[in-house]
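Good morning, and thank you for coming.

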Amino acid sequence: MEEATRADGAQRTGRRPPQVAALVVGAVFLVVGVLGFIPGITTGYDGLEFAGHHSGARLFGVFAVSILHNLVHLLFGVVGVFAARKRAASRIFLMIGGGSYLLLWIIGLAIPQSSPGNFLPFNVADNWLHLGLGVGMIALGVFTTALERKAGDYPEPDLQHQ
């Protein structure tokens, strides 16, 4: 955890807003990654394949998943939890992660669901979820940084040297 001096000179320890957001997002991805391997929560579990659009498994009966898809969720969760250790890493995770999910949304719209390019796999529900995750993660990155600046816990950019 980081220790910093607030604008009023007091020392502050503990997780900062971006760190909390990254930790929560990372933990949710870890849970979703694990749930993707649990029969019952994942319907059509007998149709779970390593990768590809032929995987018949659906997380919560809605979101298309495969073993690779679940592993990506687990990896993304681990990255989020580790990023939460540092304030800057948390912001990077939220912003780049959000951008990555927006890219996945675009890819999901561009690639037909039955094509070999749909290797994770994605369906319409996944595409909408990716849009929401992308926008939500970027919003968390911006909002939590704004909270820190408002509280005087994060320096304003130095515009004099530009």
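Axes here are lines fitted to C-alpha atoms, for helices over the stretch in contact, and angles run from 0 to 180 degrees between N-to-C directions. Helices (H or I, at least four residues) and strands (E, at least two) are DSSP runs, numbered from the N terminus. The model is predicted, so local features need pLDDT of at least 70 and side-chain atom pairs count only at pLDDT 80 or more, while totals for chains, interfaces and linings use all residues. Residues are numbered from 1 along each chain as its sequence is written, and side-chain values use heavy atoms, with hydrogens and water left out.

Helix 1 (residues 17-35) packs against helix 3 (residues 87-110) at about 50°, the axes being 8 Å apart. Helix 1 is therefore oblique to helix 3; angles under 35 degrees count as roughly parallel, over 145 as roughly antiparallel, 65 to 115 as roughly perpendicular and the rest as oblique.

Which residues in helix 1 meet helix 3? They are P18, Q19, A21, A22, V25, G26 and F29, and their partners in helix 3 are R87, S90, R91, F93, L94 and Y101, where contact means heavy atoms within 4.5 Å.

Now to the pocket, an open set of points on a 1 Å grid over the protein atoms alone, where a 1.4 Å probe fits, with protein on both sides within 12 Å along at least five of seven lines. The largest pocket holds about 210 Å³, a volume being the space filled by probe spheres set on the points. Its lining has 15 residues, and F29, V32, H73, L129 and L133 lie nearest the centre; lining residues have an atom within 4 Å of a point. Helix 4 gives the largest share of that lining, four residues.
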